[in-house]
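This report describes the surroundings of a ligand and a few points of backbone geometry. Please keep the sequence and the structure in view while reading.

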Amino acid sequence: MKINGKHYRAIWRAPCGAVQVIDQRWLPHELRIATLANRQDFADAIRDMWVRGAPLIGATAAYGVAVQMAEDPSDAALDETCEVLHATRPTAINLKWALDEMTRVLRPLAPEARAEAAYKRAAGICDEDVEINRQIGLHGLEIIREIAAKKAGARVNVLTHCNAGWPATVDWGTATSPIYHAVEAGIDVHVFVDETRPRNQGAQLTAWELKSHGVSHDLIVDNAGGHLMQHGEIDLVIVGTDRTTARGDVCNKIGTYLKALAAKANGVPFYVALPSPTIDWTVQDGVKEIPIEERGAEEVTHVQGRDPEGRIISVQISPDGTGARNSAFDVTPAELVTGLITERGVVAAEPQALAAAFPDLAPQ
Ligand code: MRU
């Protein structure tokens with residue numbers, strides 16, 4: 001998607017061959033590009049959230065393997081790199097999916113053939129992500145079109161949580177792709193953007209990307225969604241996911257579950273944009289089986305922003321000595337999900353429906 005008229009992906013190879021990413025820690029105030037030169041850079045970038053969002057974490061890990069293969073293509077280096085990168089963030093399944101995919105492709109090859117093959121597969125994973133998200137957009141567009149028709153063309157109001165936009169993927173985003181496609185189709189769409197404490201991905205990233213593309217939006221505090229739904233101000237919710245189980249339970253940024261409960265109580269459709277690499281076919285009960293990342297207390301006790309002099313600073317908002325719990329994700333049970341917007345169409349959040357949509361991926 002475009003920043004100031006120039007097209008960017010969230011990760012790319014520079015003409016010199018270096019892997020570069022947008023360092024998202026500085027957005028929306030500064031656009032900084034980071035070059036990831038070795039395995040440690042890739043691990044730091046994922047763990048410390050220079051890059052974040054399930055699909056982008058997977059794509060970054062794939063390139064991390066490629067960079068390491070150019071340095072040392074041995075079996076031991078392949079295994080160790082996958083181990084180091086896998087340990088960075090536990091919840092988004094795309095990380096494991098991408099590392100497994102790189103291992104599947106590289107393991108049978110002679111070491112001297114691995115670097116080139118690794119770069120090729122990493123580029124392929126990126127291109128596939130873009131196409132998957134484009135397809136999600138086209139299927140999601142039909143949902144928005146239907147709502148717009150029912151409202152006789154009046155504004156369609158979408159609520160979204162966290163950032164499941166293009167900075168969370170290689171391009172298009174998952175939850176934002178239907179919105180971009182709807183805007184392109186001339187539908188009047190407005191987005192209510194949850195700020196998404198503690199890291200404020202909504203305020204810092206979703207609001208930024210929507211603004212960059214001229215999409216009508218308002219930032220709201222995390223607790224406002226239920227109130228807006230009660231007053232008929234939300235037509236549908238679209239969120240992303242870090243891991244969706246074989247029966248359709250959806251793990252996503254902390255706070256998603258509360259939005260789903262409020263949506264159910266108010267008869268608002270709750271959709272999840274779901275690329276197939278985000279399905280974990282090995283788990284059923286998301287609440288019991290998905291590991292939830294616990295992050296540092298400082299993300300809760302402090303807030304980052306820009307001061308009047310334009311410096312990006314972090315300020316403390318709680319008393320000295322107050323501890324904090326920082327569970328980064330929660331699980332929305334399948335029964336609260338109206339539909340999963342996948343690259344193969346809108347699928348019910350039910351085990352049979354998911355397996356029927358992805359017979360080539362679901363275990364037999
Ligand atoms: O902690 P983050 O910013 O990596 O969490 C991101 C989310 O929860 C997204 O909604 C999810 O990864 C889907 S991204 C298309």
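## Contacts of the ligand

In the side chain of N252, an N or O atom is 2.7 Å from an oxygen atom of the ligand. The protein covers 99% of the 410 Å² of accessible area that the ligand has on its own; accessible areas come from the Shrake-Rupley method with a 1.4 Å probe. R52 places a polar side-chain atom 2.9 Å from an oxygen atom of the ligand. For G53, a backbone N or O atom lies 2.9 Å from an oxygen atom of the ligand. Such polar contacts are pairs of N or O atoms within 3.5 Å.

This is a predicted model, in which local features need pLDDT of at least 70 and side-chain atom pairs count only at pLDDT 80 or more, while totals for chains, interfaces and linings use all residues. Residues are numbered from 1 along each chain as its sequence is written, and side-chain values use heavy atoms, with hydrogens and water left out.

Which residues come nearest to the ligand? Of the 19 residues around the ligand, these are R89, Q201, D242, N252 and K253; a residue is counted as near if one of its heavy atoms lies within 4 Å. The shell consists of seven nonpolar, eight polar and four charged residues, with Asp, Glu, Lys and Arg counted as charged, Ala, Val, Leu, Ile, Met, Phe, Trp, Tyr, Cys and Pro as nonpolar, and the others, Gly among them, as polar.

At least two residues of the shell come from each of helix 2 (54–71) and strand 11 (250–253); helices (H or I, at least four residues) and strands (E, at least two) are DSSP runs, numbered from the N terminus. Domain 1 (2–128) and domain 2 (138–357) each contribute at least three residues to the shell, the domain bounds being taken from an automatic or database assignment.

## Backbone geometry

Most residues other than glycine have a negative phi, and most peptide bonds are trans. The peptide bond from L27 to P28 is cis, with omega near 5°, and P28 lies in the loop between strand 4 (19–22) and strand 5 (33–36). R197 and P198 are also joined by a cis peptide bond, with omega about 5°. P198 is placed in the loop between strand 7 (189–194) and helix 7 (201–212).

N4, a residue other than glycine, has a positive phi near 50°. The loop that holds N4 runs between strand 1 (2–3) and strand 2 (6–7).

Notes
A polar contact is a pair of N or O atoms within 3.5 Å; within protein, one must be able to donate a hydrogen and the other to accept it, and residues adjacent in sequence count only if both atoms are side-chain atoms.
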